[in-house]
There are 2 protein chains.
Amino acid sequence: MEKKEHKDCMSLLVPVRDTLDVIGGKWKLLILISVWEGNKYFREIERSIPKLSTKVLAKELKDLEANKLIRRTIIDDYPVRIEYTITEHGKTLQTVIETLRDWGLTHRKEIFGK
Amino acid sequence: MEKKEHKDCMSLLVPVRDTLDVIGGKWKLLILISVWEGNKYFREIERSIPKLSTKVLAKELKDLEANKLIRRTIIDDYPVRIEYTITEHGKTLQTVIETLRDWGLTHRKEIFGK
DNA sequence: TTTATTGATTACCTTTTGGTAACTGATTAC
DNA sequence: GTAATCAGTTACCAAAAGGTAATCAATAAA
């Protein structure tokens, strides 16, 4: 009976993975924060983030919208405009971002001098 | 003078990115938690995580060790054994993991029924 | 009328990440 | 002697992520 008991780490890791999938990747948080800061239009967001291409931006905006972190609104004016804004759900990421930043700073101290 | 002022989001995002680089990827957290739970030996860790290959495990263990989240100890016995253990620094990830889990659960409620 | 801007899409290519399977040398069990 | 276990390494592939450049229709400005 040398069977190793190990805790149910899946009920922990599945939601962790969900979060990482939503905010992971090279651009997602940059784009989210750009919108959060008030950049509303596609080109405006694009210009606010150096090196970001239209293709990647279009794809990432779709992902962020699908996850309800940002809202895509069609303003039926002449000409039609499309506005991106942060949602209340998007704003709940604040704690997460702060936690990641705090640990990142701790980690730097641990890895480089302290 | 229509220059857009935007906050210094880099001092926020650089440490955030550091954290995501350290714990991101498909296997890092699974391996970390396996070691955390007490799996000490290479094959033991490998067997504790289904579908994980030796190549990926070897690479991820190196990364985790380089980031001082786990410790690789050579036990100079006959035969030599190699033990992986979690470090104190590794344990500081607990808050981060819990925050990610909590937001992941909130997010699921937001996306699917609530 | 030509040019520029809007919010994208498409085809193509490169880089990164992850996966498969064979193999290593050292040791131990049968 | 043969087979298995230890901690990995190596070569080769496949998939995913990301990047480049051209193009689109609609509208507006020169």
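Author: The answers below concern a predicted model, and they turn to the relation of the chains, the interface and the salt bridges.

Reader: What makes the relation of chain B to chain A that of a two-fold axis?

Author: Chain B can be laid on chain A by a turn of 180° and a shift of 0.0 Å along the axis, with an RMSD of 0.0 Å. That is the relation of a two-fold axis.

Reader: How do you know that the copies meet through the same surface?

Author: Of the interface residues of chain B, 98% are also interface residues in chain A, so the copies meet through the same surface. The contact involves 45 residues of chain B and 44 residues of chain A. Between them the two chains bury about 4,100 Å², and 69% of this is on carbon and sulfur atoms.

Reader: Which polar links cross the interface of chain B and chain A, and how many are there?

Author: The rule finds 14 residue pairs in polar contact across the interface, both residues being at pLDDT 80 or more. The elements that give two or more residues to the side of chain B that touches chain A are helices H1, H2, H3 and H6 of chain B. H6(B) supplies the largest share, 14 residues. By kind, the residues on this side of chain B divide into 22 nonpolar, 13 polar and ten charged. The rule also finds two salt bridges across the interface.

Reader: Why is the pair of Asp18(A) and Arg108(B) called a salt bridge?

Author: The side chains of Asp18(A) and Arg108(B) meet at 2.5 Å, N to O. The limit for a nitrogen of Arg and a carboxyl oxygen of Asp is 4 Å, so the pair is called a salt bridge. The pair crosses between chains, from helix H1 of chain A to helix H6 of chain B. The side chains of Arg108(A) and Asp18(B) also meet in a salt bridge, at 2.6 Å, N to O.

Reader: What makes the pair of Asp63(A) and Lys28(A) a link between distant parts of the chain?

Author: The side chains of Asp63(A) and Lys28(A) meet in a salt bridge of 3.5 Å, N to O. Asp63(A) is in helix H4 and Lys28(A) in helix H2 of chain A, 35 residues apart. Asp63(A) is partly exposed at 24%, whereas Lys28(A), at 9%, counts as buried.

Reader: How do you know that Glu46(A) and Arg43(A) are separated by about one helical turn?

Author: Glu46(A) and Arg43(A) are three residues apart in helix H3 of chain A, and therefore about one helical turn separates them. Their side chains meet in a salt bridge of 2.8 Å, N to O. Glu46(A) is buried, with a relative accessible area of 17%, while Arg43(A) is partly exposed at 47%. Elsewhere, salt bridges that share partners join Lys28(A), Lys59(A), Glu60(A) and Asp63(A) into one network.

Reader: How many salt bridges does the structure hold over all chains?

Author: The structure holds 22 salt bridges over all chains.

Notes
Residues numbered from 1 in each chain as written. Chains lettered and ligands numbered in written order. Predicted model: local features only at pLDDT ≥ 70, side-chain atom pairs only at ≥ 80, totals over all residues. Heavy atoms only, no water. Least-squares fit on C-alpha atoms with pLDDT ≥ 70 in both. Contact = heavy atoms within 4.5 Å. Buried area = accessible area lost by both parts, 1.4 Å probe. Polar contact = N/O pair within 3.5 Å; in protein donor to acceptor, adjacent residues only side chain to side chain. Helix = DSSP H or I, 4+ residues; strand = E, 2+ residues; numbered from the N terminus. Nonpolar A, V, L, I, M, F, W, Y, C, P; charged D, E, K, R; others polar. Buried < 20%, exposed > 50% of the residue type's maximum accessible area, 1.4 Å probe, protein only.
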